[in-house]
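Please look at the sequence and the structure below before reading on.

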Amino acid sequence: MDTRIGEAAIDEREAARARERAMLTGSVLDVSINLAKLVAAIWANSLTLLGDWLRGALLTVLDIFLFVLLRKIHRGRIGGYDYGTRKLEQFLNLVVGAAMILAALWLAVATYLRSGSNPEQSETGLLFALAASGANLAINGYVLRRLWRVTRDGTSVILGGQLASRLMKTLASIGVALAVGVNAAFHDMPTGAWADTLGSLLVLVTMVGFGVKIVGDALPHLLDRALGESRQAIINNALASQFEDYDELCAVRTRTEGRDAWIEIEVGFAPSRSLGEVEAVAERLADHVRRRMPQAQVLVIPRVAHSFKPGRFRR
């Protein structure tokens with residue numbers, strides 16, 4: 001087999017490891033900062049930080065699950081690509097989203113009961129809370145940068161979702177840090193109490209937004225349907241038009257998740273084919289389908305062919 005194919009496989013493994021390290025780093029840092037936020041929220045009697053801890057804890061559970069799922073994909077323990085795994089991801093998204101909405105309802109009640117009062121807060125605890133919220137913002141920014149660097153190729157659905165989620169968490173953590181800062185500076189005045197109330201409302205809105213978006217995105221993907229005959233015909237036409245360019249058709253898997261069509265095509269190539277030639281054929285095949293189904297997620301997976309067409313490759 002062309003050594004360039006082997007080198008490409010090594011490069012892909014390294015890219016996969018980089019994605020795993022980025023997710024693992026984010027999960028470990030999230031667990032650490034969430035513990036610090038919980039201590040700070042209780043010590044400072046900060047409703048803003050307590051709500052932010054609850055939101056962060058739920059999303060960290062989701063991140064850890066997705067990290068485990070990504071490792072299984074990269075090690076071939078679950079079907080190739082992200083095909084067949086999104087139901088697992090979306091089911092947990094649904095559970096976490098529903099839990100976040102319920103947590104937002106609890107935070108709404110707690111905020112209402114505290115509004116207008118001036119709760120006793122520890123000055124030292126508030127300083128620790130300020131440090132924790134600042135560290136949380138720094139961690140979110142750092143992990144966002146790492147995720148952005150490993151998702152620029154756009155090959156991982158899971159990492160793409162993680163990037164969007166981390167961006168939202170970074171933006172939310174800016175508001176939390178500002179609210180905690182004002183609360184710490186004016187803790188013995190009504191301004192401090194109002195800052196904590198407004199901060200908790202910000203967290204509340206963020207939690208509802210996260211929860212509704214997660215649930216809304218998950219539900220359609222949990223209701224799969226078969227690809228219609230007209231779209232199946234497009235795939236067959238693409239395979240027929242490129243018939244002379246590949247050596248074996250290994251498998252075709254299709255399904256729809258909500259409004260999206262997912263298409264995975266495995267085609268075999270002789271070991272003597274060059275990497276550039278294989279990539280060109282795979283790209284032409286994918287482009288043929290994408291031009292006729294713009295909303296489809298198409299993946300063409302090259303394999304080593306186990307059988308060859310007679311008379312081919314007299315080179």
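Which residues make a nonpolar surface patch of about 320 Å²? In this predicted model, the patch is made by Val 31, Leu 35, Ile 64 and Val 68.

## The surface patch

Helices H1 and H2 each supply at least two residues of the nonpolar patch. One of its members, Leu 35, is found in helix H1, and with a relative accessible area of 56% Leu 35 is exposed.

## Overall layout

The protein chain holds 8 helices and 4 strands, and, read from the N terminus, its elements follow the order α-α-α-α-α-α-β-α-β-β-α-β. Of its 315 residues, 45% count as buried. Among contacts with a separation of 6 or more, 78% are between residues 24 or more positions apart.

In soluble globular proteins, nonpolar side chains tend to be buried together. Here the largest nonpolar core has 37 residues, of which Met 23, Leu 49, Val 96, Met 100, Leu 107, Ala 129 and Met 207 touch the most other members. At least two residues of this core come from each of the helices H1 (3-44), H2 (47-74), H3 (86-114), H4 (123-150), H5 (157-185) and H6 (190-221), and the largest share, 9 residues, comes from H2.

Once its neighbours within four places in sequence are left aside, Met 207 is in contact with Gly 51, Leu 54, Arg 55, Met 100, Ala 103, Ala 104 and Leu 107. Apart from this core lies another, of 21 residues, which includes Ile 234, Leu 239, Leu 285 and Val 300.

## A buried arginine

Arg 114 lies in helix H3, and it counts as buried because its relative accessibility, 17%, is under the 20% limit. Beyond its neighbours within four places in sequence, Arg 114 is in contact with Asn 45, Ser 46, Leu 47, Pro 119 and Asp 196.

## Salt bridges

A search of the whole structure finds 15 salt bridges. In one of them, the side chains of Asp 245 and Arg 284 meet at 3.4 Å, N to O. This pair links distant parts of the chain, 39 residues apart, with Asp 245 in the loop between helix H7 (229-241) and strand E2 (248-257) and Arg 284 in helix H8 (residues 275-292). Asp 245 is partly exposed at 24% relative accessibility, and Arg 284 is partly exposed at 38%.

Glu 264 forms a salt bridge with Arg 253, and their closest N and O atoms are 2.3 Å apart. Here Glu 264 belongs to strand E3 (residues 260-269) and Arg 253 to strand E2, 11 residues apart; Glu 264 counts as buried at 2% relative accessibility, whereas Arg 253 is partly exposed at 33%. Arg 273 and Glu 277 also meet in a salt bridge, at 3.0 Å, N to O, with Arg 273 buried at 2% relative accessibility and Glu 277 partly exposed at 24%. Salt bridges that share partners also join Asp 30, Asp 63, Arg 166 and Lys 169 into one network.

## Confidence in the model

The average pLDDT of the protein chain is 80, and 81% of the residues score at least 70. Confidence is lowest in strand E1 (residues 224-225), with a mean of 62, and highest in H4, at 90. Over residues 5-9 the pLDDT stays under 50, and the model has 3 contacts beyond four places in sequence for them. Residues 309-315 also have a pLDDT below 50, and this stretch has 13 contacts in the model beyond near neighbours in sequence.

Note on methods. Residues numbered from 1 in each chain as written. Heavy atoms only, no water. Buried < 20%, exposed > 50% of the residue type's maximum accessible area, 1.4 Å probe, protein only. Contact = heavy atoms within 4.5 Å. Core = buried A, V, L, I, M, F, W, Y, C linked by side-chain atoms within 4.5 Å. Patch = residues over 30% accessible without salt bridge, like charges linked within 9 Å, V, L, I, M, F, W, Y side chains within 5 Å. Areas by Shrake-Rupley, 256 points an atom, 1.4 Å probe, with all protein chains shown as cover. Salt bridge = Lys/Arg side-chain N within 4 Å of Asp/Glu carboxyl O. pLDDT = per-residue confidence, 0-100.
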